[in-house]
Amino acid sequence: MNEELDFIIREATPADIEVLVEFRRQLQDFMTELNPNLFGLTAGWEEKKRDQYTGIIDDPKKHLILACSGAGIPIGMGLASIVGHPDFVPPQFGYVDDLWVAPEFRRSGVGGRIVESLLKFFEDQGIDHITLNYVVGNPEAERFWKKLGFNPVVVAANRSPKT
């Protein structure tokens, strides 16, 4: 556990795109290791993700942030979106797309502070209902989100072709 860690949370910039793509790759690898039944990434996904992050940085309905050590080294990231769905009540809700903290910085408050920033973004936009997904087989995520007041509502199930 990293106690008394000195870090900041800041908005992502175009200069951060490569580290954001790398963090997203690490997140996918981590989730797939925990649950190999997840969908995988396509060839060339990195270029698409670079373009996506570039568009997200200036999107007022999205909040893309980095946690950086006191020395300015990126140690985690978070992405939140406001989602509209006219058939639901409420017609807009918050969605936590991604949360990643480098393993050596976990249990030091980084994840909680990233989530605080994401929740503040939603609050500032008048969004009260927030949802997210985490991988079945990740008890660390289950404990983390439950501690922050998130409780499972829907279970997603996949069926793969027989091999």
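A search of the whole structure, which is a predicted model, turns up 7 salt bridges.

- Let's start with Glu 22 and Arg 25, whose side chains meet in a salt bridge with an N to O distance of 2.3 Å.
- Both Glu 22 and Arg 25 belong to helix α1, which covers residues 17–34, and they are 3 residues apart, about one turn of the helix.
- Arg 25 also meets the side chain of Asp 29 in a salt bridge, here at 2.4 Å from N to O.
- Asp 29 and Arg 25 are 4 residues apart in helix α1, again about one turn of the helix.

- Glu 47 forms a salt bridge with Arg 50, and their closest N and O atoms are 3.2 Å apart.
- This pair lies in helix α2 (residues 45–57); because Glu 47 and Arg 50 are 3 residues apart there, about one helical turn separates them.
- Glu 47 is partly exposed, with a relative accessible area of 44%, and Arg 50 is partly exposed as well, at 23%.
- Glu 18 comes into the picture too: salt bridges with shared partners join Glu 18, Glu 47 and Arg 50 into one network.

**The sheet**

- If you trace the strands, you will find an open sheet of 5 strands in the order β1-β2-β3-β4-β5, with mixed pairing.
- β1 (7–11) and β5 (130–132) stand at the edges and have a single partner strand each, so one side of each has no neighbour in the sheet.
- On average, neighbouring strands of this sheet are turned by 25 degrees against each other, direction ignored.
- β3 and β4 run antiparallel and are joined by 9 bridges.
- To find your way along β4, look for Val 96, which has Ala 80 standing opposite.
- Helix α2 lies across β2, β3 and β4, and runs at about 100 degrees to β2.

**The nonpolar cores**

- The largest nonpolar core has 20 residues, of which Val 96, Val 110, Ile 114, Leu 118, Phe 122 and Trp 145 touch the most other members.
- Which elements each supply at least two residues of this core? They are the strands β2 (62–69), β3 (74–84) and β4 (92–101), together with the helices α3 (110–124) and α4 (139–147).
- α3 gives the most to this core, with 6 residues.
- Leaving aside residues up to four places away in sequence, Ile 114 touches Ile 9, Ile 65, Ala 67, Gly 76, Met 77, Gly 78, Leu 99, Trp 100 and Val 101.
- Another core, of 17 residues, lies apart from the largest one, and its members include Leu 27, Trp 45, Leu 66 and Trp 100.

Technical notes. Residues are numbered from 1 along each chain as its sequence is written. This is a predicted model: local features need pLDDT of at least 70, side-chain atom pairs count only at pLDDT 80 or more; totals for chains, interfaces and linings use all residues. Side-chain values use heavy atoms; hydrogens and water are left out. A nonpolar core is a set of buried Ala, Val, Leu, Ile, Met, Phe, Trp, Tyr and Cys residues joined through side-chain atoms within 4.5 Å. Buried means under 20% relative accessible area, exposed over 50%, partly exposed in between (1.4 Å probe, protein chains only). Contact means heavy atoms within 4.5 Å. A salt bridge is a side-chain nitrogen of Lys or Arg within 4 Å of a carboxyl oxygen of Asp or Glu. Two strands pair if DSSP finds at least two bridges between them. Axes are lines fitted to C-alpha atoms, for helices over the stretch in contact, and angles run from 0 to 180 degrees between N-to-C directions.
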